Amino acid sequence: HLMTSDEIVVVATLDEKVVGFACGQSFNSFCYSSAVGEITELYVEKNARRLGLANMMISVLEEELISRGVKSMKILTGSKNEAAITTYRKSHYVIDEVVVLEKEL
C-alpha cells in the first residue's frame, strides 16, 4: 500500500496518457554507512520507447533518493535483458560482478 510505504513511484506521460512508470526505494542497514537506493521497476510502453522517458524517470528517482541521503544506487535486471542494460548504462550505471542466488520458500 503506497500510503504506508517509502516507495517512490514516477510516471511518464505522453499526450496526457501514462506510458511508463518507475519505482524506487531506499533502505538503511547496519552493514552500510549510508542509505542505499534501489530502482525496483522500470517500464515504458513499446510505442513510447526511445524517447528518453526511461532515463528521465531514473533521474527523478535518483534526485528523490539523494534527498533521502542515498549515496549509492543499485538495479537488478536479467543478464540477457540488453535493452534494460543499455538504458541503465545511458544513466551511467555499470555492471557489477555480483552473482545473485535465489531460493523459493
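## Loops, pockets and pairs in a predicted model

Asp 15 is exposed, with a relative accessible area of 75%. That is a handy place to start in this model, which is predicted. Asp 15 sits in the loop between β1 and β2, and its phi is positive, about 55°, although it is not a glycine. As background, most residues other than glycine have a negative phi. His 92 also has a positive phi without being a glycine, at about 75°. You will find His 92 in the segment after α2, where its relative accessible area of 71% makes it exposed.

Now to the strands on either side of that loop. β1 (8-14) and β2 (17-27) each supply at least two residues of a nonpolar patch. The patch lies on the surface and is formed by Val 9, Val 11, Val 18, Phe 21 and Tyr 43, with about 410 Å² of accessible area together. Phe 21 belongs to strand β2 and is partly exposed at a relative accessible area of 33%. Patches take residues with over 30% relative accessible area, so Phe 21, at 33%, clears that cut-off.

Is Cys 23 buried or exposed? Cys 23 is another residue of strand β2, and at 9% relative accessibility it counts as buried, because the limit for that class is under 20%.

Next come the charged pairs. Side chains of opposite charge can pair when their charged atoms come close. This structure holds two salt bridges. One joins Lys 17 and Glu 45, with the closest N and O atoms 3.1 Å apart. This pair links distant parts of the chain, since Lys 17 is in strand β2 and Glu 45 is in the loop between β3 and α1, 28 residues apart. Lys 17 is partly exposed at 43% relative accessible area, and Glu 45 is partly exposed at 22%. The other bridge runs between Arg 68 and Glu 64, where the closest N and O atoms are 3.7 Å apart. Arg 68 counts as partly exposed at 34% relative accessibility, and Glu 64 is partly exposed too, at 35%.

Finally, the open spaces. Rolling a probe the size of a water molecule over the atoms shows where empty space is left.

| Pocket | Volume | Lining residues | Lining by class |
|---|---|---|---|
| Largest pocket | about 680 Å³ | 18 residues | eleven nonpolar, four polar, three charged |
| Second largest pocket | about 480 Å³ | 19 residues | ten nonpolar, six polar, three charged |

Which residues lie nearest the centre of the largest pocket? They are Ile 75, Leu 76, Val 94, Ile 95 and Asp 96. The elements giving two or more residues to this lining are β4 (70-75) and α2 (82-90), and β4 gives the most, with four residues.

In the second largest pocket, Arg 49, Arg 50, Ala 54, Ala 83 and Thr 87 lie nearest the centre. Here β3 (35-44), α1 (53-67) and α2 each give two or more residues to the lining. The most come from α2, with six residues.

How values were computed
Residues numbered from 1 in each chain as written. Predicted model: local features only at pLDDT ≥ 70, side-chain atom pairs only at ≥ 80, totals over all residues. Heavy atoms only, no water. 1 Å grid on protein atoms, 1.4 Å probe; cavity = no way out; pocket = protein on both sides within 12 Å on 5 of 7 lines; lining within 4 Å. Points joined across faces, edges and corners; volume = space filled by probe spheres on them. Nonpolar A, V, L, I, M, F, W, Y, C, P; charged D, E, K, R; others polar. Patch = residues over 30% accessible without salt bridge, like charges linked within 9 Å, V, L, I, M, F, W, Y side chains within 5 Å. Areas by Shrake-Rupley, 256 points an atom, 1.4 Å probe, with all protein chains shown as cover. Salt bridge = Lys/Arg side-chain N within 4 Å of Asp/Glu carboxyl O. Buried < 20%, exposed > 50% of the residue type's maximum accessible area, 1.4 Å probe, protein only.
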